[in-house]
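Subject: Handing over a structure, with notes

Dear colleague,

Please read them alongside the model itself.

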Amino acid sequence: MIKAQGIAAFNAKEALKPYSFERREAKEHDVIIDIRFCGICHSDIHTVRNEWGEANFPIVPGHEIAGVVRAIGSKVTKYKVGDHVGVGCFVDSCRECAHCKAELEQYCDVGFNATYNSKEKDGVTPTQGGYSDVIVVDENYVLQIPKSLPLDKAAPLLCAGITLYSPLRHWKAGPGKKVGIVGMGGLGHMGVKIASALGADVTVISHSDKKRDDAMKFGAHNFISTKNPEVFEQNAAKFDLIINTVSAEINMDDYFNLLKTDGTLVVVGLPERPLEINPFPLVMKRRSYAGSLIGSIKETQEMLDFCAKHEITPEIELISPSQVNEAYERVVKSDVRYRFVMDMAKI
Ligand code: NAP
Ligand code: ZN
Ligand code: ZN
């Protein structure tokens, strides 16, 4: 077994604490990764606070993992010692269903093996995430991080980056398309940068007026502050595509009305309680309401290469793992600029 040092939640109420545990020995297709950096995603907080249910403690969260290959199993062909690599939200999947065969593992029919709060391929061993110093992952679920991307800034791409890249590509954000990004936190600010690199006309729709200047710096063309409810009327029927990244419940009807006829609102935010919807604004203009989950391994690699090519990186606040609990409080208050990343060498 491989000794690992991490930070874990032991129940839904208390602060995260240091935790020593063991990773499996590397099998022939496994890669042993020294974790250098791990981002803090709002999903980590929803999970450990048991806002989504089904939390199995202790949980070592973290699915925005960037590191360096320490060792490889005898049959690994894709990676070598010293490579810069990443691990995102899942570490395996069934590999046999139609989704896995079509390289859409995030929609695996039996459910992928999530990076934490799930089970390894053996169906028994709990998976533990990236708030730790080492991880063992099958090479087919590891991503190559281009050397031009600094590892600390690459980490958030593994969840925040791909979660916005995938719907922006699927719904064809690009020149001539008006795209709205609701909520400019970790996910949202990546959405602004990626949509603008794709050539779309980008508007941030935020409840934090003080983020206006940053939005423009990240490539947004417009900023709508929802503090003033009149903005919903003023901007009615303007957008082809809106992506809702908000981690809390918001009134969806307001946002449906911002879509043009045939426009689509994609929800990626996963608040604790259900979002209520009124069908009228959808029906009256043939609008679509859709969802999207992270992205596949293939698409995540494409996104990393796209970000390297276009020099897109997140805005990060680098912290030590001992600051994780304060960081959680700041994320919940929308007071993160724009992703906390932990330096796992300091664990
Ligand atoms: P985050 O950094 O906390 O950003 C969320 C943003 O939502 C905030 O910065 C804020 O933006 C806005 N917001 C928060 N509370 C609000 C409220 N009460 N009213 C209006 N706006 C509010 O979180 P994140 O890491 O980006 O994650 C966002 C959500 O996506 C979470 O629910 C997470 O679990 C989910 N998620 C989903 C996927 C997927 O695959 N679908 C993947 C990763 C994460 P403004 O200050 O600009 O308003
Ligand atoms: Zn995430
Ligand atoms: Zn599958």
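A pocket, as the word is used here, is an open set of points on a 1 Å grid over the protein atoms alone, where a 1.4 Å probe fits and with protein on both sides within 12 Å along at least five of seven lines, and its lining residues have an atom within 4 Å of a point. A volume is the space filled by probe spheres set on the points, which are joined across faces, edges and corners.

This is a predicted model, in which local features need pLDDT of at least 70 and side-chain atom pairs count only at pLDDT 80 or more, while totals for chains, interfaces and linings use all residues. Residues are numbered from 1 along each chain as its sequence is written, and side-chain values use heavy atoms, with hydrogens and water left out.

The second largest pocket has a volume of about 310 Å³. Its lining consists of 16 residues, of which Leu 104, Ser 166, His 170, Ser 296 and Glu 299 are the closest to its centre. Helix 4 (160-170), a DSSP run of H or I with at least four residues, gives the largest share of this lining, four residues. Because domain 1 (2-158 + 315-346) and domain 2 (161-291), with bounds from an automatic or database domain assignment, both contribute to the lining, the second largest pocket lies between them.

As for disulfides (pairs of cysteine sulfur atoms within 2.5 Å), the count is zero. Cys 307 is in none, and the nearest cysteine sulfur, that of Cys 159, is 13 Å away.

With best wishes

How values were computed
Chains lettered and ligands numbered in written order. Helix = DSSP H or I, 4+ residues; strand = E, 2+ residues; numbered from the N terminus.
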